[in-house]
Amino acid sequence: MNPEILVLFTAGTSASGKSTWAQGLSRRFPHVQVQILERDQLRRELHAERHNTPFSWADWDTKQESEIQERWLQRVQGLLETDVLVLADTHIDPEQLAREATLMAELGVREMALQYFPAQPLVELIRHDQSRNYPVGAAVLREQIQRLRPEDAYWRALEAASASCAKLEV
């Protein structure tokens, strides 16, 4: 593991620009090794392995989420040699963010930060979503907007995870 790795978490609704922002990091910092991990990509990969049809959220079987989590953890462990690892998921639930940050700390990551994507008007998100290859749809976006918390809730979750791991080290 790179002892100086920086893990960046994103928090925001689908179609809010998280992936675009993450991909832009490599262009803005060409001398920094940036890796991006998205659960949605893992879902598409798993779907492609098992089906001969294009991926669709309408057809996604949520019973496969435990396998996605296993793949995500394996992929994370394989990416800890990089300079910057961007975990570009929605992280709508601050408790989920705290669990992932705790896991990163347990894996030896000491530098973690957050990129927050504030709620946008539903009509804007729908417009962005419809231009994506795998749209989630208006109902999902509406629910995510309702569940999205203010930025400080995500920072508190990140800080609490770091603090709990620091206590374990003492």
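**Helix packing, sheet and an aromatic pair**

Helices α2 (residues 39-50) and α3 have axes that come within 10 Å and cross at roughly 115°. Axes here are lines fitted to C-alpha atoms, for helices over the stretch in contact, with angles running from 0 to 180 degrees between N-to-C directions. This is a predicted model, where local features need pLDDT of at least 70 and side-chain atom pairs count only at pLDDT 80 or more, while totals for chains, interfaces and linings use all residues. Residues are numbered from 1 along each chain as its sequence is written, and side-chain values use heavy atoms, with hydrogens and water left out. Helices (H or I, at least four residues) and strands (E, at least two) are DSSP runs, numbered from the N terminus.

On the α2 side, R39, L42, R43, E45, L46, E49 and R50 meet E65, E67, I68, Q69, R71, W72 and R75 of α3; contact means heavy atoms within 4.5 Å. Sorted by class, this contact has four nonpolar, one polar and nine charged residues. Ala, Val, Leu, Ile, Met, Phe, Trp, Tyr, Cys and Pro are taken as nonpolar, Asp, Glu, Lys and Arg as charged, and the others, Gly among them, as polar.

Next up is the other helix partner of this section. The axes of α3 (residues 65-79) and α4 (residues 94-106) come within 12 Å, crossing at roughly 40°. That makes α3 oblique to α4, given that angles under 35 degrees count as roughly parallel, over 145 as roughly antiparallel, 65 to 115 as roughly perpendicular and the rest as oblique. The crossing is again described as right-handed. W72, L73 and V76 of α3 touch E100, L103 and M104 of α4, which gives five nonpolar, no polar and one charged residues.

As for the sheet, four strands line up in the order β2-β3-β1-β4, forming an open sheet with parallel pairing. Strands pair if DSSP finds at least two bridges between them. The edges are taken by β2 (34-37) and β4 (111-116), each with a single partner strand, so one side of each has no neighbour in the sheet. From one strand to the next, the twist averages 20°. Strand β1 (residues 6-11) runs parallel to β4 and is joined to it by six bridges, with L8 opposite A113 in β4. Helix α3 packs on this sheet too, touching β2 and β3 (84-87), and its direction makes about 175° with that of β2.

Towards the end of the chain, α5 and α6 (residues 138-147) have axes that come within 10 Å and cross at roughly 135°. The two are therefore oblique to each other, and the crossing is right-handed. L122, L125, I126 and D129 of α5 meet A138, L141, R142 and I145 of α6, a set of six nonpolar, no polar and two charged residues.

Finally, the rings: a search of the whole structure finds five aromatic pairs. Rings of Phe, Tyr and Trp (its six-membered ring) pair if their centres lie within 6.5 Å; planes under 30 degrees apart count as stacked, over 60 as edge-to-face and the rest as tilted. W21 and F117 have ring centres 6.0 Å apart and planes at 75°, so this pair is edge-to-face.

Definitions and conventions:
A crossing is left-handed if the near helix is turned anticlockwise from the far one by less than a right angle, and right-handed if clockwise.
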